[in-house]
Amino acid sequence: MKMQNIAVIGYGVVGSGTVELFEKNREDICRKIGRDCDIKYICDLRDFPGDRYESKLVKDFNVILNDDEIEVVAEVVGGATFAYEYTKKLLERGKSVVTSNKELVATHGAELFEIAKAHDCNYLFEASVGGGIPIIRPLNKCLAGNSIEEISGILNGTTNFILTKMIREQMDFDSALKMAQELGYAEADPTADVEGHDACRKICILGSLAFGRHIYPQYVHCSGISRITLTDVEYAENAGYSIKLIGTVKPEGRDRISAIVCPRLVEKSNMLSSVDDVYNAITVRGDGVGDVLFYGRGAGKLPTASAVVGDIIDCLKHRDRRIMIDWEDCRDKDYVVPYKQINNSMYVRITADNAEALKPVISELFGKVMYLERNDRPEEELAFITPMMKEADIDAALEKLSESAEIGSKIRLL
Ligand code: HSE
């Protein structure tokens, strides 16, 4: 039986992990697919003198594109420029592509699935969400019998790692970020992690898969962890909450969805609150199954490679069959309900000279709120949690309150 050949484009953290894991387990992989297979090329513009796989390295992408022996390509370049062009060309040649590239799937997924379909090959993306956590296939297959009611999760390893280090070890933000970069968790530009864009792409992918229509990241409100203070963490901990960066997507009526990425106060009784370090966790609620929790390492070389290699094996096993993990395009700007229309309960921290005296005003604006405490709370500081209200109404009330107090923080509850 002919050898099945694979190529890997991008020899960075995930690319080198993919090659390492594949080569380590190659014998087993060959047994699993029932044929011999190997990585024929690794494509990267950089030199890797002395690298164990130097003989497989090529700089010209066309070598892979034009080699008819290459059946499956792992695109682990990242970004939506070169990777987009490469992926389109490969799929148009009928080569299956597997990827960890959440930016590309979240921005061009629907188009790339169409191309794969037209050319009878596969475009798989298990590694794009949750690193090594199996979530794409379970959502697409095992939970397919459910109507999905909500997906909520910690979807970014870097920010969860930073929050854990800051809160549990009092490490400062910059040192924690540097450590996450050294461990290979962060994006090339870590702003994408810190400001929530990476988690936003991932919740868009999960929502697109669960509800069948492409959710474009530009319609999803997203805020990151850069404005969280240790003061807020203290109030939250005292009241029995952790602060986590959470992505959420759910249906709103029959034809619309809501999606948002933001820091949230998560009750300690919720399992997401105890997910620390680089770990990610995703809760999927289905109308039949109830809540299902997926947990594991959300970033890093070998955990992400685990998902990439799994997709490679799936393609090799099913070389004559399309694997239908996809969704339709959706250009309807109203598909995503504006986040200001969604109900939330909000943690608010304010400062004012006469803070205590503002309590009647706060009740008038928000109704019954719950006040929070922390050790040595200054007299001019108040922290409270509002009842569930439409976000636009919370903002209007805060606008009024800002006439007599400075609004320090507002963080949604999960
Ligand atoms: N930068 C990403 C994270 C990598 O920290 O989660 C995995 O997608």
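Two strands are said to pair if DSSP finds at least two bridges between them. Strands (E, at least two residues) and helices (H or I, at least four) are DSSP runs, numbered from the N terminus. The model is predicted: local features need pLDDT of at least 70, side-chain atom pairs count only at pLDDT 80 or more, and totals for chains, interfaces and linings use all residues. Residues are numbered from 1 along each chain as its sequence is written, and side-chain values use heavy atoms, with hydrogens and water left out.

## The sheet

Six strands form an open sheet with parallel pairing, in the order β3-β2-β1-β4-β5-β6. The edges are β3 (57-58) and β6 (123-124); each has a single partner strand, so one side of each is left without a neighbour in the sheet. Strands of a sheet pair through backbone hydrogen bonds, either parallel or antiparallel.

Strand β1 (residues 4-9) pairs with strand β2 (residues 37-43) in the parallel sense over 6 bridges. β1 also pairs with β4, again in the parallel sense, over 5 bridges. V8 has I42 as its bridge partner in β2, and V8 stands opposite A74 in β4.

Strand β4 (residues 70-75) is largely enclosed by the rest of the structure, because 5 of its 6 residues are buried. Here, buried means under 20% relative accessible area, exposed over 50%, and partly exposed in between (1.4 Å probe, protein chains only). β4 pairs with strand β5 (residues 96-99) in the parallel sense over 4 bridges. Which residue of β5 is the bridge partner of E75? The partner is T99. Between β4 and β5 the chain passes through helix α4 (residues 82-92), and this β-α-β crossover is right-handed. The term right-handed applies if, with the strands pointing away from the viewer, the path from the first strand over the helix to the second runs clockwise.

## Cavity and pockets

The spaces were found on a 1 Å grid over the protein atoms alone. A cavity is a set of points where a 1.4 Å probe fits but cannot get out, while a pocket is an open set with protein on both sides within 12 Å along at least five of seven lines; lining residues have an atom within 4 Å of a point. Grid points are joined across faces, edges and corners, and a volume is the space filled by probe spheres set on the points. For the lining classes, Ala, Val, Leu, Ile, Met, Phe, Trp, Tyr, Cys and Pro count as nonpolar, Asp, Glu, Lys and Arg as charged, and the others, Gly among them, as polar.

| Space | Volume | Lining by class |
|---|---|---|
| Largest cavity | about 50 Å³ | 3 nonpolar, 2 polar, 4 charged residues |
| Largest pocket | about 990 Å³ | 17 nonpolar, 17 polar, 11 charged residues |
| Second largest pocket | about 470 Å³ | 12 nonpolar, 8 polar, 5 charged residues |

There is 1 cavity of 30 Å³ or more. The lining of the largest cavity includes L163, T164, E237 and D276. Helix α7 (157-169) and strand β9 (241-252) each supply at least two residues of this lining, and α7 has the largest share, 4 residues.

The largest pocket is lined by 45 residues, of which V76, V77, G78, E187 and A188 are the closest to its centre. Helix α10 (197-211) gives the most to this lining, with 3 residues. Domain 1 (4-132 + 302-317) and domain 2 (139-297) each provide at least three of the lining residues. These domain bounds come from an automatic or database domain assignment.

The second largest pocket has 25 lining residues; E150, S152, T248, K250 and L414 are the closest to its centre. The largest share of the lining, 4 residues, comes from β10. At least three residues come from each of domain 2 (139-297) and domain 3 (343-413).

## Single residues

Most residues other than glycine have a negative phi. Q170 has a positive phi, near 55°. Q170 lies in the loop between α7 and α8 (173-182) and is exposed, with a relative accessible area of 60%. D376 also has a positive phi, of about 55°, although it is not a glycine. D376 is found in the loop between β15 (370-372) and β16 (381-385), and counts as exposed at 74% relative accessibility.

D28 belongs to helix α2 (residues 26-33) and is partly exposed, at 37% relative accessible area. D28 and R319 are 291 residues apart along the chain, and their C-alpha atoms are separated by 18 Å.
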